[in-house]
Amino acid sequence: MKQSLRKKWCMDFTYVALKDGTFRYNCTIIDLFDRSVIASENSIKIRQSMSRAGYPYDDAPMERYFNTLKTELLNVHEYSKEKELYKAINDFAYIWYNQNRTHTYNNHKIPYEIRFAAY
């Protein structure tokens, strides 16, 4: 792939609740080229890190992804165990979001179609 097409990614985190009311954090990295999830980490040990002042645009793709994650997965199902939650989030990110779900940003194509078309 051309180097100029693959320059940027963004990272952010959100919290997700278990059925017992405890919270876990999900940290996700999204490739800004095709909006695919390239990393997703779930933990109770993630620390918050703010982006530099005056640079808010990197947050919009993350907020869109987290909105989709919560609307299409987390608000529909309840998870009582961390292992179930983490598996569901990973399956959502790497299988559904990257390989099956079309994105308006990508002209209603899946991220992998956009990535492979750039080769």
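This is a predicted model: local features need pLDDT of at least 70, side-chain atom pairs count only at pLDDT 80 or more; totals for chains, interfaces and linings use all residues.
Local features were taken where pLDDT is at least 70, side-chain atom pairs count only at pLDDT 80 or more, and totals for chains, interfaces and linings use all residues. Residues are numbered from 1 along each chain as its sequence is written, and side-chain values rest on heavy atoms, with hydrogens and water left out.

The protein contains three helices and three strands, arranged from the N terminus as β-β-β-α-α-α. Here, helices (H or I, at least four residues) and strands (E, at least two) are DSSP runs, numbered from the N terminus. Of the 119 residues, 39% are buried, where buried means under 20% relative accessible area, exposed over 50%, and partly exposed in between (1.4 Å probe, protein chains only). Among contacts (heavy atoms within 4.5 Å) with a separation of 6 or more, 53% join residues 24 or more positions apart.

Accessible areas come from the Shrake-Rupley method with a 1.4 Å probe, and for residues only the protein chains shown count as cover. Trp9, Met11 and Ile38 together make a nonpolar patch of about 320 Å². Patches consist of residues with over 30% relative accessible area and no salt bridge; like charges are joined within 9 Å, and nonpolar side chains (Val, Leu, Ile, Met, Phe, Trp, Tyr) within 5 Å. Met11 belongs to strand E1 (residues 9–17) and is partly exposed, at a relative accessible area of 45%.

Side chains of opposite charge can pair when their charged atoms come close. A search of the whole structure returned three salt bridges, each defined as a side-chain nitrogen of Lys or Arg within 4 Å of a carboxyl oxygen of Asp or Glu. In one, Arg24 pairs with Glu82, with the closest N and O atoms 2.8 Å apart. This pair links distant parts of the chain, since Arg24 sits in strand E2 (residues 23–31) and Glu82 in helix H2 (residues 82–99), 58 residues apart. Arg24 is buried at 12% relative accessibility, whereas Glu82 is partly exposed at 33%.

Glu72 pairs with Arg101, the closest N and O atoms being 3.0 Å apart. Glu72 lies in helix H1 (residues 59–74) and Arg101 in the loop between H2 and helix H3 (111–117), so this bridge ties together parts 29 residues apart in sequence. Glu72 is partly exposed at 34%, while Arg101 is buried at 17%.

Lys87 and Asp91 form a further bridge, with a closest N and O distance of 2.7 Å. Both residues lie in helix H2, four residues apart, about one turn of the helix. Lys87 is exposed at 52%, and Asp91 is partly exposed at 31%.
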